[in-house]
Amino acid sequence: MPKALSLQPTHDAALIASFSKRLIQWHKQYGRHGMPWQGITDPYAVWVSEIMLQQTQVATVLDRYPKMMQRFPSVAHLARADIDEVLAEWSGLGYYSRARNLHACAKQVVSQYQGQFPPDPLALESLSGIGRSTAGAIAAFALQVRTPILDANVKRVLARLFGIGGALQEKKVTDSLWHLATELLPRSPKDMPLYTQALMDFGATWCTAKQPVCLTQNTQCPFESSCQAKAHDQVLAIPKKLPKKKSPQFSCAVGILAHGNAVLLQKRPTKAIWGGLWSLPEGQWQGQTEGESRPTVQADTLTSEQLLELILPNRFSKKPPSLFRQSVRMGNRVKHIFSHRVLQIQVYEMVLNGKAKKELDSSMQSDEAQFIWAELGTLEQYGLAQPIRLLLESWSQAHGAAESDRCANASPIVLKNRP
Ligand code: SF4
């Protein structure tokens, strides 16, 4: 167990003066090289990579970044695109507000800056979804501006090196880290891209949160002799962690309403979780305490009318249609863990015949919300929340298999495309 924090932050002038050179030296041998976003000077390409790399594994970004750049090769292309296209391209990367901000920011750059990213980090910071550290990274990488970055990895490195023991959420801690990050910058602007990359790589691969090299490997950390956390045996105690809050738990019912090869999708409100994405019709989220499992309504006790009331609340001016007694089946139960909440999803399935679909379409009030019957083979075109995409893929496979079994063993049932 790490000891209680007791050290005082130091001002190590020798370390400050030599830091950037030593770090750049380290990067030559141990840094990450050959990433597709390295060595580029187009602020647009740098910006897209920086936003994608937030909260996403490098391996995933290596796969998705080239696709994103191919689909939206310039800020003008991105600004012109429909938000649905952007969300569809972002699908699976999570934290969808990044995609919405990316789109909004592209529009701002086109309308306010004639399609050119401003070189001033303060102006960059005023754009949608660009925080101070991201603004610093864009300016340093693309424009060689002497300006610091301070992402979570860099905060940890500096806090350990200089013995800053407070929690990173405290303003005075963040202020002193920004001050340090500025002091440590290399003198020459031309070193900024390499230095910034080296700092990111050192935090991401060597001075990691749980397994920094000084505790786990024989490799010598280039800063070990100056590192306050190492000297005081407090490497894992810095940065100070605040007690974790328990994630609230929710449950909800969703419905796969299918007709032929199409399923009914509903667009989610912009300001909700999975905002602006397509999803399945769903009931109200119910809060529940940890470990509690809400009794699931069994499908054999649920009529089609009741299912519609459950998953499409307030969508019918009159009673929901009986849909000619379509049978309701109970599907999978899925647990999805968001960053700050946990959702248990109970799936119900109902396959509608032509008359039932017509009745549903004509009796549903869609007001601002949008509904669409989407062909299963075209789901790639829709910005779908990843758990919903996976759920539909697995349902589609099972549904296809069940249909082919029935085709082989009984009277033929042919899935028809929607006209
Ligand atoms: S000595 Fe350890 S804690 Fe200090 S900078 Fe190096 S890897 Fe990080």
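The axes of helix α5 (residues 83-90) and helix α6 (residues 97-113) come within 9 Å and cross at roughly 140°; helices here are DSSP runs of H or I with at least four residues, strands are runs of E with at least two, and both are numbered from the N terminus. The axes are lines fitted to C-alpha atoms over the stretch in contact, with angles from 0 to 180 degrees between N-to-C directions. The two helices are therefore oblique to each other, given that angles under 35 degrees count as roughly parallel, over 145 as roughly antiparallel, 65 to 115 as roughly perpendicular and the rest as oblique. From α5, Ile-83, Val-86, Leu-87 and Trp-90 make the contact, and from α6, Ala-99, Arg-100, Leu-102 and His-103; two residues are in contact if their C-beta atoms, placed from the backbone, lie within 7 Å.

Please keep in mind that this is a predicted model, in which local features need pLDDT of at least 70 and side-chain atom pairs count only at pLDDT 80 or more, while totals for chains, interfaces and linings use all residues. Residues are numbered from 1 along each chain as its sequence is written.

Now look at the loop between α5 and α6, where you will find Tyr-95. Tyr-95 is not a glycine, yet has a positive phi of about 45°. It counts as partly exposed, with 14 C-beta neighbours inside 10 Å; buried takes 20 or more other C-beta atoms within 10 Å, exposed 12 or fewer, and partly exposed lies in between, with C-beta atoms placed from the backbone. Gln-144, in the loop between α8 (132-143) and α9 (152-162), is also not a glycine and has a positive phi of about 55°. Gln-144 is partly exposed, with 17 other C-beta atoms within 10 Å.

The peptide bond that joins Ile-238 to Pro-239 is cis, with omega near 0°.

Helix α14 (residues 304-311) is next, with Ser-304, Leu-307, Leu-308, Leu-310 and Ile-311 buried. These residues cover an arc of only 160° around the axis, which puts them on the same side of α14; the arc is that of the directions from the helix axis to the C-beta atoms. They pack against β1 (249-259), β5 (328-337) and β6 (342-351).

Stepping back, the protein has 16 helices and seven strands. Of its 419 residues, 35% count as buried.
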